[in-house]
Amino acid sequence: MSFTILEPTAPPASAERRLAPRLDTLAGKTVALIDGWGRHTGEGDHMYPLLDDIQRRLVAEHGVKECLWYPKESIAKGLWQPRLTELIARADAAIVGEAI
């Protein structure tokens, strides 16, 4: 008796992906904080108290100039395109809250 095993997955769309280069320093930089829970109504009023702490530490310990909050509609959706365009124009780096 013999068996044939089929691989049902497709090959990767791109054979090579590269990460963005790391910043030399965070001092003087603007960092975007992306809050995936979508319940952000004002600075510090959100579902991620951890992001609030990260924001304070980025400024106090790493000299970050500014943190920008970008709430998403929900964890299941991407950042709304106009907000993403703004983030790209204004921020030097970003932290996505869903992964922490």
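Q: How many salt bridges does the structure hold?
A: The structure holds 6 salt bridges. A salt bridge here is a side-chain nitrogen of Lys or Arg within 4 Å of a carboxyl oxygen of Asp or Glu. This is a predicted model, where local features need pLDDT of at least 70 and side-chain atom pairs count only at pLDDT 80 or more, while totals for chains, interfaces and linings use all residues. Residues are numbered from 1 along each chain as its sequence is written, and side-chain values use heavy atoms, leaving out hydrogens and water.

Q: Why is the contact of Asp53 and Arg56 called a salt bridge?
A: Their side chains meet at 3.8 Å, N to O, and the cut-off is within 4 Å, so the pair counts.

Q: What makes Asp53 partly exposed?
A: Buried means under 20% relative accessible area, exposed over 50%, and partly exposed lies in between (1.4 Å probe, protein chains only). Asp53 comes out at 30%, so partly exposed it is. Arg56, with 47%, is partly exposed too.

Q: Which residues are linked in a network of salt bridges?
A: That's Glu66, Arg83, Glu86 and Arg90. Glu86 pairs with Arg83 at 3.6 Å between the closest N and O atoms, and with Arg90 at 3.3 Å.

Q: What separates Glu86 and Arg83 along the helix?
A: They are 3 residues apart in helix α2 (residues 81–90), about one helical turn. Helices here are DSSP runs (H or I, at least four residues), numbered from the N terminus.

Note on methods:
Helices (H or I, at least four residues) and strands (E, at least two) are DSSP runs, numbered from the N terminus.
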